[in-house]
Amino acid sequence: MENIAQNPSLYPSTSILLTGATSTQATPVLKVPQSGYLHAAGSRAPSRASDVSSTTAFVEGSSEGATSPVILPGIPLSAEPEQDCVEPCQDVADQGLEKPGAADGAQKSRRRVEYLSPMPVSFFVRNRYENRHYLSEVYGSALEEIKTIPAKNKLRPRPETVGRGWRSYVHPEGQLYFRWKNFYTNSYLYDSDQLEDIEEAADILEKELREHRADLPQNIEIGVEIYVEDDGGKLACYYICDLDAEKVLWLVDCSIDYLVEEENMPIYDEAHLCAPYARYPDIGILQHVQMFPHNRIFSKNRLIELRTVLTYHLHDRATSRTSNAPYDADDLHRFVQIFGDIEIIGDCVSEYDMVKIARMKSLLCAEQLRHYHGTKWARLDANRSVHRNTNTKCDHSWWFNLLSFLFFFTPSLYIKRLDEMWLDMKINHQPWRKFISEIQEDWTASITPSAVILTANVGFLAIQSVDQNGMPTPYRSAGQVVSYISTILTIGNIIACTILARQHRPSSHLHADDALSYLVERAGTRWKAERLAIILSIPTAFFLWGLFTFSAAILWVCFHQTYIPTRIPVLAVAVFSAILVTLVVLNGEWSPPQVVHSVPANMRQQFRKIPVRRWTEQTLKKLSRRMTGLGRRTSSSPAAPSPQPDLEMGKMM
């Protein structure tokens, strides 16, 4: 954020942390971790913590540079009390702390914090949302329900500060967090064991900061949490925020996953990490501000800049078919209104507005990082990959080509749409939502005509001439067999539409997380993508084949054992109808060849390869020229035509 200056009375200068004699830098010592710390708290935070940023698929083992966190050795704690304690150490009961095991009268031995471990900010976010306390748990001692209100409502509130001066704050979401000096933690410090662990971790960090003070910026904030290993060992997890440079740093070299863990994308140039933040802060520091939003400042100019970026995305979404805007026009309209209603007086902003600002800016930063913003290979169109030739036509499997032909080229249409939305293992969420809505409408709209065809088949089979006067016989006519097939196909269409519509409700694909999970499981490989395109085309195939078989049954009745006066008008109307339908199919959509958005347009491109179409066009042109010449001759004088017009018409022919 803009130099997030703090109130000096509440936020002491970081020089307090860095005072003391300078000593040689501590040499990092590696420790083999017992588990994967990056994913120790679960896969991801809920969508409200990081919604749109989760548009990249996580491939197990895809990041070769992903190493375990560096573990620094714990430094022996000084037996002397801290000199800058806000208040002297008090008894647990005097401070209103919860002491586990107090009800049993037994004091359990507690392991001390031994090691220092750098962690990404996303680990703290996941840990905050995943590792929750529950009322059903017996934490230390059994919870007792309060049934009586004391006289005169003399309730005992919790203290505002605990320990050496950890001040409590309540996040707008309801999370309780604490701050001492420039240390922040989500740990529940009203529990005495967690308070002791965090204070031990803060002591270790203070000593390490003094060792590295020559290379550290002055205006910093530190996030700290405790991670308990499987064997009971405790790690002091931390990250450091440089408020002036607006970035996150650690005391040792760390894996690139600490910055782009949630995106799981390769980084080839340091400018890729710097360019997105030329106008925006680091994603990590925005997540830090979002977790700890109290007593922040934010200038009006920065708020105007944020609204300007949102209005740009709104304009780009409205004027570009391949916009990289992370939201649709309706969402962007609402965001512009939300941030237009924020009032900043004297650069002071409430914690509620600060959460909104930090979350939106972090999502926009993640979107820029995802599209290689500011690099020479930046993605300018949402339907193009950053790699070469991934959008060109590729050879599909033989079974896909066969089924695509039998399904009226609908699978080819769908797989092209998937290729535009599923690029580089990343999902273009807005085109995906539009695609889901379109196929939902198609499935819903096909149920009614399928029901009509089903009713027509039942009525057709009830005709006495078709049903052979109701006489039971093991043999059925060709018209009856084809009508049976049409009935089964229309029933299959209704069933397939009902199931697929339930599996693809628009509410199930509102967030990028949902679309990402869907496509990773169903379109992670080329074979899976082809299978998904076939599955989505099944209702269309059922409906069209049911319609064609019903038409064949009707034509069989008209031509089987009938006289010529019956066949001629039916044949004429059938041929005329076929010509009109062919014209509709050939019309399609007037779109670029590489992007096809309808079944008729795709069929039109396929029919271009057939020589009959070219022969038909040439015949129609010749016929048109003959009719034009005949019209000229008819409109001329009744005298015999001169040879010159005939010669000219002959040249035209």
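The largest nonpolar core has 54 residues; such a core is a set of buried Ala, Val, Leu, Ile, Met, Phe, Trp, Tyr and Cys residues joined through side-chain atoms within 4.5 Å. Buried here stands for under 20% relative accessible area, with a 1.4 Å probe and protein chains only. The residues with the most contacts inside this core are W166, F183, L209, I222, Y238, Y239 and I240. Apart from it lies another core, of 28 residues, and F407, I415, C497 and A501 are among them.

Please keep in mind that this is a predicted model, in which local features need pLDDT of at least 70, side-chain atom pairs count only at pLDDT 80 or more, and totals for chains, interfaces and linings use all residues. Residues are numbered from 1 along each chain as its sequence is written, and side-chain values use heavy atoms, with hydrogens and water left out.

Let's turn to W166. Leaving aside neighbours within four places in sequence, W166 is in contact (heavy atoms within 4.5 Å) with residues including F178, W180, F183, L189, L195 and I198. W180 counts as buried because its relative accessibility is 2%. Its C-alpha atom is 9.6 Å from that of G163, 17 residues away along the chain.

Now for a helix pair. Helices (H or I, at least four residues) and strands (E, at least two) are DSSP runs, numbered from the N terminus. Helix 2 and helix 6 pack at an angle of about 30°, with their axes 9 Å apart; the axes are lines fitted to C-alpha atoms over the stretch in contact, and angles run from 0 to 180 degrees between N-to-C directions. The two helices are therefore roughly parallel, a label for angles under 35 degrees.

| Helix | Residues | Residues making the contact |
|---|---|---|
| Helix 2 | 121-130 | V121, S122, F124, V125 and R128 |
| Helix 6 | 283-291 | G284, Q287, H288, Q290 and M291 |

Helix 2 is mostly covered, with 9 of its 10 residues buried. Its cover includes strand 7 (220-228), strand 8 (234-242), strand 9 (247-249) and helix 6.

Finally, the whole chain. The protein chain has 19 helices and 11 strands, and 42% of its 653 residues are buried. Of its contacts with a separation of 6 or more, 74% involve residues 24 or more positions apart. The accessible surface, from the Shrake-Rupley method with a 1.4 Å probe, comes to about 35700 Å², and 59% of this belongs to carbon and sulfur atoms.

Methods
Buried < 20%, exposed > 50% of the residue type's maximum accessible area, 1.4 Å probe, protein only. Parallel < 35°, antiparallel > 145°, perpendicular 65-115°, else oblique.
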